[in-house]
Amino acid sequence: MAPKPLPDTRHVISINDLSKAEIETVFDVAQSYLTEYGDPNSHHRIARSSNLAPNFILASLFYEPSTRTRLSFESAMLRLGGTFITSADPATSSAAKGESLADSVRVIANYADVMVIRHPRDGAARLAAEFSPIPVINGGDGSHEHPTQTLCDLFTLKKKNKRLKNLKVAIAGDLKGSRTIHSFVYALARFGADIVPMPAQGMELPPHVDRRLREEFHCNFVPGDGSIDALYRTPEEPHQPALFAGPDFELSFNVGGPGGGDPIHRKKIDAVYVTRYQKERTVEKREGYPKIDAQFLKEPKYSHASVLHPLPRVDELDASLDSDNRAVYFEQAAYGVPVRMALISLLLGLQKGISLRKFEGGFEKPESLVYQQPLSVGIRCANANCIVHEPKESPYVRNKFHVVKNSGQDTCKLRCVYCETDIDRFFVASKKNKWFTDNTAALLHTKDQNIKDLLAFAEEADAISHGFHFRRHAAARGPQHESTKSHS
Amino acid sequence: MAPKPLPDTRHVISINDLSKAEIETVFDVAQSYLTEYGDPNSHHRIARSSNLAPNFILASLFYEPSTRTRLSFESAMLRLGGTFITSADPATSSAAKGESLADSVRVIANYADVMVIRHPRDGAARLAAEFSPIPVINGGDGSHEHPTQTLCDLFTLKKKNKRLKNLKVAIAGDLKGSRTIHSFVYALARFGADIVPMPAQGMELPPHVDRRLREEFHCNFVPGDGSIDALYRTPEEPHQPALFAGPDFELSFNVGGPGGGDPIHRKKIDAVYVTRYQKERTVEKREGYPKIDAQFLKEPKYSHASVLHPLPRVDELDASLDSDNRAVYFEQAAYGVPVRMALISLLLGLQKGISLRKFEGGFEKPESLVYQQPLSVGIRCANANCIVHEPKESPYVRNKFHVVKNSGQDTCKLRCVYCETDIDRFFVASKKNKWFTDNTAALLHTKDQNIKDLLAFAEEADAISHGFHFRRHAAARGPQHESTKSHS
Amino acid sequence: MAPKPLPDTRHVISINDLSKAEIETVFDVAQSYLTEYGDPNSHHRIARSSNLAPNFILASLFYEPSTRTRLSFESAMLRLGGTFITSADPATSSAAKGESLADSVRVIANYADVMVIRHPRDGAARLAAEFSPIPVINGGDGSHEHPTQTLCDLFTLKKKNKRLKNLKVAIAGDLKGSRTIHSFVYALARFGADIVPMPAQGMELPPHVDRRLREEFHCNFVPGDGSIDALYRTPEEPHQPALFAGPDFELSFNVGGPGGGDPIHRKKIDAVYVTRYQKERTVEKREGYPKIDAQFLKEPKYSHASVLHPLPRVDELDASLDSDNRAVYFEQAAYGVPVRMALISLLLGLQKGISLRKFEGGFEKPESLVYQQPLSVGIRCANANCIVHEPKESPYVRNKFHVVKNSGQDTCKLRCVYCETDIDRFFVASKKNKWFTDNTAALLHTKDQNIKDLLAFAEEADAISHGFHFRRHAAARGPQHESTKSHS
């Protein structure tokens, strides 16, 4: 159904689509475009123009309001010598006539060379990538991810701290609905930062993000008490050199700093990352939302902390901080252009000798089976806002899941390919043998070619109503020792 | 009132503004820009960039939602090395302040070199052209026409069938409200295709389009029975060579194919053209709308039929067809860029040696008198959605009609210059002689310089209330044999 | 709080930010870009393209509907060889998420090299300029000013009358709400025009504009009677040569014309400037709005009057005038591109040898103290639509006033730095001495460094409630002769 992508097409949907070495490569290229001049407080950092991308067209596809993401992408394309076309208002586009994203993407991919997309549905960018023969960059999909914001955030951290490894970063505010936070914490964990969560009440990290930090990124969650903050401790990692480090970054990994040593004993916070309340993603009432201001930052542990914010802010970040040396959020916004110039040029293969299309990075993406749901039967993604539940997309999208092994157990979970929400409890049925089981190992140990025989159900009743009968420990014991349990 | 256009300004408002030879010229140029690579199923056809139009500006003026038309025009302009300015949202433009189209066009024509306009009113693009010193391209006006879509459609047919002549094309869906269909059937008839109408219930071709096909494009309507489809048969035409045929098209007219021979005996359909229900153009309820899917296409006559759709689709075209080899609608969308590149560059006179401004094509536009209505009295366009009825335009537009001879009769109809809707029955009054008549020949035989003496009325009562008296057969018998009929 | 602008950053917020010599410079450059060809009635004047500004980016920030201002700025940037990014719809920008203008500007300034902004609040462009390290051009702020429209208007007057000095210009319509009019009358007065106000009923010039014309621009208001129009007479000024006059303008100041001689005796009107009713700025009902048509212009005094209109028009300017030789409004619109090309290129320092950044003009901006209000106490701008009253901006903006001496008196008024509305009556309190006075000279004679000791109050009660006591003639008598008046 979806067109086959060109052999070297690379998409950036999740921050985890980029290896750490690739991220460093993006930063090296970004640094080469960055021009800073005047008073550092002028917040004026203009990206150097180049003529690298003449005749290249960026398509901006925004199904949600945006200023900085869209304009900084478009500015980046112009600074590269390229051009862009824009569809920024769903009300004046073919979406108003009921067109699916899958169709829009297949059409617009013929008009441009690279595409950035923002969409209110989690996982929409992954769906777009499935249908696009040109590189798709996720400009924010629901409350899922916003990887290029994370690139700007990390770049800012690196500029301020001269390194990315072993930082201690507090994240404050709406940790639940903020896609920015989700991309950010994965990257922090991968670069070995300790993460201090400071959620607004009821806005903790979503369970699947929390578990992923602990199980896949090996964070050790240490509850706080009066003397230390709760934090996710990341394991020490061996030094990984940046492959294309320019002069500015060359020394960064050799620098010891105030944040060095055993992270649990570090008192100082290197950065506080603040986010606004994502009112468009929830109907919950906002209460006791943390406000970061001069008073808050008076605590000694914040004495050298950079204050970051993806912006726009509403009132969670006090205006009085704007003249504080620790406030780097406008600088962070300025880095949007050179960082996006770097990403676009790498995706288009325009940087001499290096390319995200060919570059093999250090981060190993776990290989996983993909379980694809038949159209009308079986389990569906548990996230109501996932793109798979959008009626307009229903002819073009299937419920698809990565089969992810549970750490240290012989069981697995299902992770939606689009929105990456996990389903822990489900049933596995065999179409051939007509039994089903609650032992998810049955799916975990399936060979690639046999997965089409299996069917996942959310509920026993579902499986039964489709003619399957329950068999305890099916996978473990094998077909010759069946025991059937009857269900009414 | 309207500015005089520059002497060599050429507009494309109706597909009939282009001769067949000109259309072939557009296709030859388009073919030169087309790059197809990768798997044909990748739907990836990128137009070759050129540097033909640096410093040229396209103005996109969209008073209705659009994605593909606007973005493909803008992409085409960029691929030509030009640039564009866009007003895509009526709510954020001066239209929100009550500005007329006539004023907007006169202003914006100073900002650009060529203009594409989309408008909800039939005939709006023709009005725009009257006020524009730069070329105006109709990007869709009400349910009137959409000529550049037709160019893409024809180009697709030509690519798939290696010829344009003597095809058999089925058109399915909303034949009434779809401007795409109206431009398309005129072009099909002119290129000698047989047209098989498959309207949704109550959505037949509008009467004025049907009559024009039969009377002006010489189609012979053959009603269907169980064994053959109803169709418009077009007359065989002598071979007309493409003047600027490139290597790709050179042989196209010499190729016999499955569609050759006497069209009435051909069983195979060469193409099925599907359109969505134009819900924005009507309040009628949609019932029994045809759905084109694998089942439908199983009939042997469709075995080699290309499936086209101007997109966006809603659900009249099944997603399961996307992987069918006959589905060419995404390919059709991709051709939008090279075809529009060709049209723009020809209108701007940028192609070496050829230009739509100077090129004399093979299609003879019927010369006709134009009858212009005084402001406050007489007949008005019968189409309520015509631009002449837009209150904002009333100071700038007059009811104007082509005087079109009825085929084989000594009578005429009035065809609105803007929306091309016909009025068959009307009365003609002589201002000088104070009579009026129901014999429309009185207008048909008027000399150009005398037409200002005549006044057309929709109703007898109207003519009488303005002081005219009825005279039977006025034109035929001449002034010396008057007989007056009294009317109460 | 605001970033320090780069040392040579120059903004154009009010027409009074440009000296007369600078305005002439803009026109000389504009003339060099202007190409007029074809029939003068074709209204076709295309700006010559240049390659002066490659790699430069204009940011268009429009918080209100616009067609001609935005598109002509963008076209101007393209004609200069530059590019642009656009945020034209508040509903699809970060403003929809509650972002302040101050924040948006600080972010977007990193994406572009020059910025044009339109906003519904008076004074918004000045606020934007405070936060922008790149040049900000006011594209219209509430009913305050629209200086680039005035540049187009003046350029048109100069083209038609071969001079700018000593013209007689009638201004008709909504003189109250039209920002275009406000910028225009200041410029007319400065160039020595006599101004004939023809307001719609209840839509006279706002009092602060009227007083400024009389007191600061030295206009003498002459009430009309049956024989002569009411008018603002401007003083004769010595000849001021244009510093960079090109061949087209060289002779302009030596030409005597029908408008020469003592302006009070001139009968002829050189130009009629018509504006539409600014319905978006008021809830008042529109009554007896003047309509300029052929009948109106039949009066002999209009026999050579050019008719200007900033457009869009609604119905205050009759369509029948469009073919009248005196109608120059479409020509005026066409000049928008070369005039804006000139302004942008001068602000960016791209014109060889001349620049608005370094050029010292002939108009002396009155040096004034600026009184800045503490956050929570004291007087606030009297204009409810001023940007200082926008809740979203409250963390970023302070009530600030120029201390403007009243002509011929030892008193002063407070003029809002943003919207330039005046407050005539207020009280001055001394924080150190705890008295307050109604003698505004106390503020007028304060030394720069001492102004922070003073506090202005709108009402006596306010001052008293904050613990101050009244002292008559405080400033005149000095601290050693206090007399206290008690207030209940």
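## A buried pair in chain C

Asp322(C) is buried, at a relative accessible area of 5%. Buried means under 20% relative accessible area, exposed means over 50%, and partly exposed lies in between (1.4 Å probe, protein chains only). Asp322(C) forms a salt bridge with Arg313(C), with the closest N and O atoms 2.8 Å apart. Here a salt bridge is a side-chain nitrogen of Lys or Arg within 4 Å of a carboxyl oxygen of Asp or Glu. Arg313(C) also counts as buried, at 1% relative accessibility.

This is a predicted model: local features need pLDDT of at least 70, side-chain atom pairs count only at pLDDT 80 or more, and totals for chains, interfaces and linings use all residues. Residues are numbered from 1 along each chain as its sequence is written, chains are lettered from A and ligands numbered from 1 in the order in which they are written, and side-chain values use heavy atoms, with hydrogens and water left out.

## Other salt bridges

Over all chains, the rule gives 78 salt bridges. Side chains of opposite charge can pair when their charged atoms come close. In chain A, Lys291(A) pairs with Asp318(A), with 3.5 Å between the closest N and O atoms. The two residues are 27 residues apart and link distant parts of the chain. Lys291(A) sits in the loop between strand S11 (271-274) and strand S12 (306-308) of chain A, and Asp318(A) in the loop between S12 and helix H8 (329-334). Helices (H or I, at least four residues) and strands (E, at least two) are DSSP runs, numbered from the N terminus. Lys291(A) is partly exposed, at 39% relative accessibility. Asp318(A) is partly exposed too, at 22%.

In chain B, Glu24(B) forms a salt bridge with Lys158(B), with the closest N and O atoms 2.4 Å apart. This pair also links distant parts of its chain, 134 residues apart: Glu24(B) is in helix H1 (residues 20-33) and Lys158(B) is in helix H5 (residues 147-161) of chain B. Both Glu24(B) and Lys158(B) are buried.

## Chain A and its domains

Chain A has 12 helices and 21 strands. Of its 488 residues, 62% are buried. Among contacts in chain A with a separation of 6 or more, 70% come from residues 24 or more positions apart. Contact means heavy atoms within 4.5 Å.

Chain A is divided into domain 1 (15-146 + 334-347), domain 2 (148-330) and domain 3 (370-481). These bounds come from an automatic or database domain assignment. Five residues from domain 2 of chain A and nine residues from domain 3 of chain A take part in their contact.

His208(A), Arg211(A) and Arg212(A) supply 67% of what domain 2 of chain A buries against domain 3 of chain A, more than any other three residues.

Four salt bridges cross the interface of domain 2 of chain A and domain 3 of chain A. Asp424(A) and Arg211(A) meet in a salt bridge through their side chains (2.7 Å, N to O). The side of domain 2 of chain A that touches domain 3 of chain A has no nonpolar, one polar and four charged residues. By class, Ala, Val, Leu, Ile, Met, Phe, Trp, Tyr, Cys and Pro count as nonpolar, Asp, Glu, Lys and Arg as charged, and the others, Gly among them, as polar.

## Backbone features

The peptide bond from Leu311(A) to Pro312(A) is cis, with omega near 0°. In chain C, a cis peptide bond joins Leu311(C) and Pro312(C), with omega about 0°. Most residues other than glycine have a negative phi, and most peptide bonds are trans.

Leu311(A) has a positive phi of about 60°, although it is not a glycine. Leu311(A) lies in the loop between S12 and H8 of chain A, and is buried at a relative accessible area of 7%. Lys162(A) also has a positive phi, near 65°. Lys162(A) is in the loop between helix H5 (147-161) and strand S7 (168-173) of chain A. Lys162(A) is partly exposed, at a relative accessible area of 49%.

Conventions: Buried area = accessible area lost by both parts, 1.4 Å probe.
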